[in-house]
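Welcome! Please take a look at the sequence and the 3D structure below, and then we can walk through a few places together.

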Amino acid sequence: MSARKNAAVASFAALLFLFAPAALAADARDIHERILTLDTHLDTPMNFGRPGWDMLDEHSIAQDMSQVDYPRMVKGGLDGGFFAIYTPQGPRTPQGFINARDAAIMRGVEIREMVARHSDKFELALKADDAAKIAGRGKRFIFMSVENSYPLGKDLSLMRTFYDLGVRMIGPVHFTNNDLADSSTDPKGPEWRGLSPLGKDFVVEANRLGMVLDASHASDEVFDQMLELSAAPIILSHSGVSAIFKHPRNIDDARITRLAAKGGVIQINSYSDYLVATPAIPARDAAMRALGMKYGPFRSLRDDRLKAYMTERHAIEAQYPLPRATIDDVMAHLLHVLKLAGPDHVGIGLDLDGGGGVVGMEDVAGIPEISKRLLAAGYTEADLAKIWGGNALRVLREAEAKAAQLAGK
Ligand SMILES: [Zn+2]
């Protein structure tokens, strides 16, 4: 090769290098239009009851802390996902159970109302195959999930009620232990050493109904027992990897390998505290608590009061800055599972509107950054299709098939 040709090749390569990130970003965005994309943990329904808040308006984190709405789903190329009925753990008393049950059912109703109000843009998905059908009609698909089964109290017959409401994925527990299972983060430690006797029946009932069992937030022992007892593959709808960052909410490699061997999937989250060391800043917590006392729940605020709240909140954040995870941290977890278990056993569950979002991917509009980085790491469009939805839908399809089989169909 001549020196001149050499130089030409070198400068062409340099040019390619220069434009590669932009080209990858464009490819990533195009791929989102061609494949089915879903996130398995969206806490957006918490916003559905906010005064003056509508899913069709474009909001911003700075304005109201929300991370998902229709315009930003379109920007990010997210076709749908599992929208959570989340209930905080409360008192394990008959009245506590009734209050939680009613709140959870009403949250489910709110999800259905949002879909009904905007039926030209959204459609409720009840089967795995609905996702592609709804996307094919040019709409976004909404699956429903339950995060924390505390609203069931001790009455597993309510699982049928939630199934009939549209719920297709269910996790037993949240931050602290309940009557079904131990949490990974209860400061008091384990109460049941895994699932309670009722929690074991909960697994059987989820299999019977065709709901995917979700082990995110559950203790490692609960994960082990759910994996053992469940007749269908299970999911971690929003979790991280303890080999990358040690935290009770993250899971070790041996368990990921066993999850994969049974056909399951781990969906990588973007909750900063589970990705990087986050020091406790008591003065910040105290200031945030005082802010909450002054204004009440921020999701009840609108207009000038919301603006005033956000201004004061930003001042506290500036005064006591916390280290925040970046998109690099999210990718470290994702790439680790890809190497460990391959592209059939990992997906995306970012916990947006529930504390997720990182520097470099602040809201749903930013999600093509994940795809861009997967392409840069050598993963193909076919891999992306599995990661962005194929794997989670396979797990739901298997839960459906197992339920049909158990019913003798
Ligand atoms: Zn969560």
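## Helix α4

Helix α4 covers residues 94-117, and its 24 residues should span 34 Å at 1.5 Å a residue, which agrees with its end C-alpha atoms being 34 Å apart. The expected span is 1.5 Å times one less than the number of residues. Helices (H or I, at least four residues) and strands (E, at least two) are DSSP runs, numbered from the N terminus.

Among the buried residues of α4 are F97, R107, I111 and M114; buried means under 20% relative accessible area (1.4 Å probe, protein chains only). The buried residues of α4 pack against β2 (80-86), β3 (122-124), β4 (140-147) and α6 (158-165), where contact means heavy atoms within 4.5 Å.

## About the model

This is a predicted model: local features need pLDDT of at least 70, side-chain atom pairs count only at pLDDT 80 or more, and totals for chains, interfaces and linings use all residues. Residues are numbered from 1 along each chain as its sequence is written, and side-chain values use heavy atoms, with hydrogens and water left out.

## R72 in helix α3

Is R72 buried or exposed? R72 has a relative accessible area of 2%, so it is buried. R72 sits in helix α3 (residues 70-76). Not counting residues up to four places away in sequence, R72 touches several residues, including E58, H59, D363 and V364.

Notes. Buried < 20%, exposed > 50% of the residue type's maximum accessible area, 1.4 Å probe, protein only.
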